[in-house]
Amino acid sequence: MLCLVVLVCSLLLLYRHTNVEPPAIPLGKVVQIPVPLGLPPVPIPADNPPTEETIALGRRLYYDAALSVDSTISCASCHNPQLGFADAKCVSNGVGGKTGVRNSPTVLNSAYLSLQFWDGRAPSLEKQSEGPVANPVEMAHSLKGVVQRLSEDPSYVAAFEKAFGPGPITYEKVEKCIASFERTVLSGDSAFDRYYYGHDQAAMTAEQIRGFAVFRDPKKGNCEFCHTVGEKFALFTDNKFHNIGVGFNAGSTTDQGRFVITKQVRQTGAFRTPTLRNVELTAPYMHDGSLKDMKQVMDFYIGAGNSNPYLDKEIHSLDFLTRQERDDLLEFMKALNGTIPPNVGSPEVTAAHVAN
């Protein structure tokens, strides 16, 4: 953490000598984000070290519908803690009941994603928070409009000054707070973690242990090729983009995925590998929410997805898996439900609970 502080000071000196507006750096004591069993240390950007003030403020902002143009939609509306920080709908409803085209991915462990959104268009959690605010079918607001609304609330003005020192509220400060809060929304210490990293042989059932073997075996499920498991931790995503055939019909699709960002033809219809942690809580599945449960996901892979010119080379039929192996694999998915920190729910709900 000392190295992080030194790097922040170096950045401030650099901006001072180049006459460029320096980044807003949080004040206060930098905190260490607790990491549950099975996860690595949380990556932290040099210009946004987490503090108690920014995390608390980010939590408040995450649950505040004031970020939407008509004060009806918050981040939690589409990334609900009761639903694994995802949404039970195929696609979420935004302002005025408008619907998007992609399923809301879980915020859990999003701190470890190298790129954000299904297509990877945002390079960080900070930049990710800009998208929904300005999206006309989500929050339908503007970054400037959010800043103006927050600046008219004395309690927010005081909270931002406490977090960053004197000065106006800017959206840079808003996104840094939301990102710092989201970096605390971690989930690990699952039955799998206790079995594999905690060496507790009784943590998983016999069915789940057999399912894990199918999951890892390149000649069986080969799931680990994309949903990676490391020696010391497991993100259950390779942080890459793959075309598995979802959304394709007769070789074409209305959502070109990663191609829109990179313009690389081979990435047509490719989407980021989602984590499998807490997968039992985050149905429906895939970028379009087209598969309602894990049984449908299993059947999709058994049938080798949907054929198209850009299908990932690792996608092939798994119809040779026995019924027992399929059932065991589904049981293993249940072993990935982990613990969630107690202080990431709505601050209003928490305060009401304490008051009662």
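**Voids, cores and loops**

Modeller: In this predicted model, the largest cavity has a volume of about 920 Å³. Of the 47 residues in its lining, those closest to its centre are His227, Pro274, Leu276, Met286 and Tyr301.

Colleague: How many cavities of 30 Å³ or more does a search of the whole structure find?

Modeller: A cavity is a space where a 1.4 Å probe fits but cannot get out. With the threshold set at 30 Å³ or more, the search of the whole structure gives a count of 1.

Colleague: Which element supplies the largest share of the lining of the largest cavity?

Modeller: Strand E2 (271-272), H12 and H13 are the elements that give two or more residues to this lining. By class, the lining divides into 28 nonpolar, 15 polar and 4 charged residues. The largest share, 4 residues, comes from H12.

Colleague: Which element gives the most residues to the largest nonpolar core?

Modeller: That core has 34 residues, and those with the most contacts inside it are Phe192, Met204, Phe215, Phe236, Met286, Phe332 and Met333. Helix H9 (191-196), helix H10 (206-216), helix H12 (294-302) and helix H13 (323-334) each supply at least two of its residues. The element that gives the most, with 5 residues, is H12.

Colleague: How many residues are in the second, separate core?

Modeller: Tyr63, Leu150, Phe164 and Ile169 are among the members of this second core, which is separate. Its number of residues is 30.

Colleague: Is Met286 buried or exposed?

Modeller: Met286 is found in the loop between E2 and H12. Its phi is near 80 degrees, a positive value in a residue other than glycine. The cut-off for burial is under 20% relative accessible area. Because its relative accessibility is 13%, Met286 counts as buried.

Colleague: What is the relative accessible area of Asn278?

Modeller: Asn278 also lies in the loop between E2 and H12. Phi of Asn278 is positive, near 60 degrees, and the residue is not a glycine. Asn278 is buried, and its relative accessible area is 1%.

Colleague: Which residue is joined to Ala283 by a cis peptide bond?

Modeller: Omega of this bond is about 0 degrees.

Colleague: Which side chain makes a polar contact with the side chain of Gln267?

Modeller: Gln267 sits in the loop between helix H11 (259-262) and E2 and is buried, with a relative accessible area of 17%. Leaving aside neighbours within four places in sequence, its contacts are Phe241, Gln256, Arg258, Phe259 and Thr262. The polar contact, at 2.8 Å, is with the side chain of Thr262.

Colleague: Which backbone nitrogen lies 3.2 Å from a polar atom of the side chain of Ser74?

Modeller: Ser74 is in the loop between helix H2 (52-62) and helix H3 (75-78). With a relative accessible area of 9%, under the 20% cut-off, Ser74 is buried. Not counting residues up to four places away in sequence, Ser74 touches Tyr62, Tyr63, Asp64, Ala65 and Met139. The nitrogen at 3.2 Å from its side chain belongs to Ala76.

Colleague: What separates the C-alpha atoms of Ser74 and Val95?

Modeller: Along the chain, Ser74 and Val95 are 21 residues apart.

Colleague: What is the volume of the largest pocket?

Modeller: The lining of the largest pocket has 17 nonpolar, 14 polar and 5 charged residues. The volume of this pocket is about 630 Å³.

Colleague: Which of its lining residues are closest to the centre of the largest pocket?

Modeller: H3, helix H4 (125-128), helix H5 (130-134) and helix H8 (171-182) are the elements that give two or more residues to the lining. The lining has 36 residues, and the closest to the centre are His79, Pro105, Phe117, Pro132 and Glu138.

Colleague: Which element gives the largest share of the lining of the second largest pocket?

Modeller: About 280 Å³ of space lies in the second largest pocket. Of its 15 lining residues, Ile33, Pro34, Thr184, Pro341 and Asn343 are the closest to the centre. The largest share of the lining, 3 residues, comes from H2.

Note on methods:
Residues are numbered from 1 along each chain as its sequence is written. This is a predicted model: local features need pLDDT of at least 70, side-chain atom pairs count only at pLDDT 80 or more; totals for chains, interfaces and linings use all residues. Side-chain values use heavy atoms; hydrogens and water are left out. Buried means under 20% relative accessible area, exposed over 50%, partly exposed in between (1.4 Å probe, protein chains only). Contact means heavy atoms within 4.5 Å. A polar contact is a pair of N or O atoms within 3.5 Å; within protein, one must be able to donate a hydrogen and the other to accept it, and residues adjacent in sequence count only if both atoms are side-chain atoms. On a 1 Å grid over the protein atoms alone, a cavity is a set of points where a 1.4 Å probe fits but cannot get out, and a pocket is an open set with protein on both sides within 12 Å along at least five of seven lines; lining residues have an atom within 4 Å of a point. Grid points are joined across faces, edges and corners, and a volume is the space filled by probe spheres set on the points. Ala, Val, Leu, Ile, Met, Phe, Trp, Tyr, Cys and Pro count as nonpolar, Asp, Glu, Lys and Arg as charged, and the others, Gly among them, as polar. A nonpolar core is a set of buried Ala, Val, Leu, Ile, Met, Phe, Trp, Tyr and Cys residues joined through side-chain atoms within 4.5 Å.
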